[in-house]
Amino acid sequence: MVKGRFGEFGGRYVPETLVPALQELESAYKRLSRDAEFKSTLRRYNTQFGGRPTPLYHAQRLTEHAGGARIYLKREDLVHGGAHKFNNVMGQALLAKMMGKRRVIAETGAGQHGVATAIAGAALGLDTEVYMGRKDTERQRLNLIRMELLGAKVHTVDSGSRTLKDAINEALRDWVANVRDTYYLLGSAVGPHPYPTIVRDFQSIIGREIRSQILAAEGKLPDLIVACVGGGSNAIGAFAPFIRNTEVGLLGAQAGGLGIESGKHSAPLLAGEAGVLHGARSMLLQDSDGQVLETTSISAGLDYPSVGPQHSYLKASGRARYVAVTDAQAMEGFRLLSRLEGIIPALESAHAVYAALEEARKMPASSSVVVNLSGRGDKDVETAAAYMEGRR
Ligand SMILES: *Cc1c(COP(=O)(O)O)cnc(C)c1O
């Protein structure tokens, strides 16, 4: 397979000015990912700062409710910062530091990736600057405050639609101008090579822990692993260590929004076509002229018109399956996990919970399903309450 490609997907579709920076990143990652000091330092941050390993929890009441396979929850909601994003951000921030960069930049939509970057930046003493669309700073004020409390500088972006894609454009402009001392910290398994590979590798700690924990609990590998897929980082982290174990089913839950047939969703793997966005070829929601379409989802973290290239490949090759879970179905997963297990999940993760319940009920009691619970739901309680009261 060509370097940085997953079948026909992936690659490096960027302006020439960025190629040297991506090459520098690629060779630094190659070197440092095998470096004993890098590995032991990251391990220390993951355990003592991040709280890893996270538990694999047997959800007994959810299992009873579904009436089929035993359901386990991989508790990424318990990682420092409240989501799996820490795994990637800590790895990349340490990479930046050991590459000799003093400044880290990132873009953020809902603010979750910005907050995670600010956490890692503070811990490593890096200057952290985050680009965020003005619309998003207004919608997600709490995360704006969090980033500032953590010492990050937030640049409010007033161009275009004043949301994530405009923030990405501004961050890229900054990177081109300051590439010598600046590291661009990407938030999901997307973008040009080598980012999808780097992000997957740092998130694969999830799948490696699942493997040893499920073997201890069940004495065999799980029959199915379920994760939500926005950019696809938590899912690829859970899936990657099992790709060769073809007896383990892999299921990704994309945001079905108001339903695929309504056209208002964020499910490029179900309703997109191959195209190029943000430096990589992948499945993409686009019109017949190739213009990127608007997306809809109750969860900000799944609201992205494309997806990590490796997921497009896993779908095309048949190794993984993907389903669309609507806003209403995700809210059902959210309500059930809260009431039955005492865990309020992130709305993103609630998509995976719903998809897992649908599968588990069709499977025998001797089988097991692992749901990657990517984050906690504190950030979503207002949205959930508004939805339940019919205000959205
Ligand atoms: C950001 C986020 C996601 C979506 O990102 P992926 O890269 O698809 O994992 C999912 N869950 C939570 C809790 C998030 O914060």
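This is a short tour of one predicted model, stop by stop, for a reader with the structure open in a viewer.

Local features are described only where pLDDT is at least 70 and side-chain atom pairs only at pLDDT 80 or more, while totals for chains, interfaces and linings use all residues. Residues are numbered from 1 along each chain as its sequence is written, and side-chain values use heavy atoms, with hydrogens and water left out.

**Helix 1**

Now colour Ala21, Leu22, Leu25, Glu26, Ala28, Tyr29 and Leu32, which are buried; buried means under 20% relative accessible area, exposed over 50%, and partly exposed in between, with a 1.4 Å probe and protein chains only. An α-helix has 3.6 residues a turn, so residues three or four places apart point the same way. Among the elements that cover the buried residues of helix 1 are helix 2, helix 4 (85-98) and helix 8 (164-178).

**The largest nonpolar core**

Next select Leu95, Trp175, Tyr183 and Tyr195, the residues with the most contacts inside the largest nonpolar core, which has 42 residues. Such a core is a set of buried Ala, Val, Leu, Ile, Met, Phe, Trp, Tyr and Cys residues joined through side-chain atoms within 4.5 Å. The largest share of this core, seven residues, comes from helix 4. Centre the view on Leu95, and, leaving out residues up to four places away in sequence, you will find it touching Leu25, Ala28, Tyr29, Leu32, Phe38, Tyr183 and Ile198, where contact means heavy atoms within 4.5 Å. A second, separate core of 30 residues includes Leu73, Val226, Leu302 and Leu336.

**The second largest pocket**

Select Lys39, Leu42, Asn46, Phe202 and Arg208, which are the closest to the centre of the second largest pocket among the 14 residues that line it. The volume of this pocket is about 340 Å³. On a 1 Å grid over the protein atoms alone, a pocket is an open set of points where a 1.4 Å probe fits, with protein on both sides within 12 Å along at least five of seven lines, and lining residues have an atom within 4 Å of a point. Helix 2 gives the largest share of the lining, six residues.

**Backbone details**

Most residues other than glycine have a negative phi, and most peptide bonds are trans. Go to Arg52 and Pro53, which are joined by a cis peptide bond with omega about 0°; Pro53 is in the loop between helix 2 and strand 3 (56-58). Another cis peptide bond, with omega about 15°, joins His193 and Pro194, and Pro194 lies in the loop between strand 8 and helix 9. Arg162, although not a glycine, has a positive phi near 55°, and its relative accessibility of 29% makes it partly exposed. His278 likewise has a positive phi, of about 50°, in the loop between strand 11 (273-277) and strand 12 (280-284).

**Last stop**

Finish at Met388, in helix 16 (residues 381-388). Apart from neighbours within four places in sequence, Met388 is in contact with Met331, Phe334 and Arg335.

Notes
Points joined across faces, edges and corners; volume = space filled by probe spheres on them. Helix = DSSP H or I, 4+ residues; strand = E, 2+ residues; numbered from the N terminus.
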